[in-house]
Amino acid sequence: MPLYSKRLKSVVLPLLVGTLALSSARGQSTHWAGQLNLKVTARYESAEQTGLKTANALTAGTDLGYTVSYGDTFKASAQLENTTALDADSYNQAGLNPGGAGKTVIADPEITELNQLWISAKFDAATAKLGRQVIIHDNARFIGNVGWRQNMQSFDAARLSIAAPDSGLTFDYAYLTKILRIFGRDHAQGEWDSDSHLFNASWKARPDLTVTAYAYFLEFDNAAANSTATTGIALTGKRPLYDDFNLVYRAEFATQTDSGNTPTNFDADYWCFEAGLATAQFSITLGYEDLGADHGIGFKTPLATAHAFNGWADRFLSTPATGLADAYLKATAKLPAKLSATAVYHDFSASDGGADFGSEIDLTLARPLTPRVSALAKLADFHGAGPQPDVTKFWLQAVFTY
């Protein structure tokens, strides 16, 4: 365990316990407040892939947390995660269960884990946060929490955030000492020891334009191939057109090189263009994303919420050696009976050479059942080309929040 992580726990845990005790002792004070957070996700997931046995997972994911705060100045929080399966061997838990051998992977291993444990202090426009925490930058394309999986991703980190609303400027810096990945501590790649720096700054230049610049310098002791340096810029916004119609857009470019202890040598680029029309009831977006490659190494996004990009069948969580070009059309709609729907079509090919990788259709239908319970049905149907297998996944879930 890195020295920083040991110090992090030795500092954060006593402070958290002391803060909780102080909160209890001052229960009558109007300055102190406590908040219990509970989320329970009951999910059925079916996954079929060419050449593998069908997997069927019935899991319950529980997130239980408590946060105490003193106004907006000081906060402390702890959160436990648990994933339980009705039949642990009905699916492949990313290689952790011998009984799941030969079945399609569903990355929801059974685990109980301390997902978050942090303290923070806010002074004027600056907020400092220390401990195990969730970090999401922008649309989570590079830095995210992989919130779709039952065991989300979190970071042991020291973080400084500065927000100046009057000028439209924000700045965020984080130093990461450990990555707690979705596979859990028992997996060989479940935890990465890290010496990484994240910089992200944004400026709301106009009501319809936000400029975001970022630099991510990643180094992992036990995942050296993912050590990279990435810098980029994104232009995003929503511009009123007429009546209730708005033009929504995103234009983004990033460049990436090998860095730190990586044994590789490459230099690849990333492009993304999106444009669409949106109203309060529906939206339609046309997009193109290109993750380049160099020397047989594809552009890497090891800390991203990758499930949200390049198809929900998760065929391209890692970029192929010839890169990945994804042309997609996405539509959303609010329907009668409080239903909301999303449909996405993807056409995949190699960034270098243009080889066909296949296509995918993704669909969701969601509805709130009560103020605290929501339901979701979700489908991903990937038709592979060339060496790519066919993959079909289906989810049915209910979520309770408190």
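Biologist: How do the residues lining the second largest cavity of this predicted model divide by class?
Modeller: A cavity here is a set of points, on a 1 Å grid over the protein atoms alone, where a 1.4 Å probe fits but cannot get out, and lining residues have an atom within 4 Å of a point. His-137, Asp-138, Asn-139, Arg-141, Phe-142, Tyr-214, Tyr-216 and Glu-252 do the lining. Count Ala, Val, Leu, Ile, Met, Phe, Trp, Tyr, Cys and Pro as nonpolar, Asp, Glu, Lys and Arg as charged, and the others, Gly among them, as polar. That gives 3 nonpolar, 2 polar and 3 charged.

Biologist: What pLDDT do side-chain atom pairs need before they count?
Modeller: Numbering runs from 1 along each chain as its sequence is written, and side-chain values use heavy atoms, without hydrogens or water.

Biologist: What is the volume of the largest cavity?
Modeller: By the grid rule there are 2 cavities of 30 Å³ or more. The largest is lined by ten residues, including Phe-142, Tyr-216, Gln-256 and Lys-300, and its lining has 5 nonpolar, 4 polar and 1 charged residues. Grid points are joined across faces, edges and corners, and a volume is the space filled by probe spheres set on the points. The largest cavity holds about 50 Å³.

Biologist: Which residues are closest to the centre of the largest pocket?
Modeller: A pocket is an open set of grid points with protein on both sides within 12 Å along at least five of seven lines. The largest one has about 830 Å³ of space. Of its 34 lining residues, the closest to the centre are Arg-181, Phe-183, Ala-306, Leu-317 and Ser-318.

Biologist: Which element gives the largest share of the lining of the second largest pocket?
Modeller: This pocket comes to about 720 Å³, and 26 residues line it, with Glu-274, Ala-308, Phe-309, Tyr-328 and Lys-330 nearest its centre. Strands (DSSP E runs of at least two residues, numbered from the N terminus) that give two or more residues include S10 (228–242) and S16 (324–334). The largest share, 4 residues, comes from S16.

Biologist: Is Ala-325 buried or exposed?
Modeller: Ala-325 is found in strand S16. Its contacts, leaving aside neighbours within four places in sequence, include Tyr-288, Asp-347 and Phe-348. Buried means under 20% relative accessible area, exposed over 50%, partly exposed in between (1.4 Å probe, protein chains only). At 3%, Ala-325 is therefore buried.

Biologist: Which members of the largest nonpolar core touch the most other members?
Modeller: Such a core is a set of buried Ala, Val, Leu, Ile, Met, Phe, Trp, Tyr and Cys residues joined through side-chain atoms within 4.5 Å. Phe-155, beyond four places in sequence, is in contact with Ile-143, Leu-176 and Leu-303, among others. Of the 39 residues in the core, those touching the most other members are Phe-142, Ile-143, Phe-155, Leu-176 and Leu-303.

Terms used: This is a predicted model: local features need pLDDT of at least 70, side-chain atom pairs count only at pLDDT 80 or more; totals for chains, interfaces and linings use all residues. Contact means heavy atoms within 4.5 Å.
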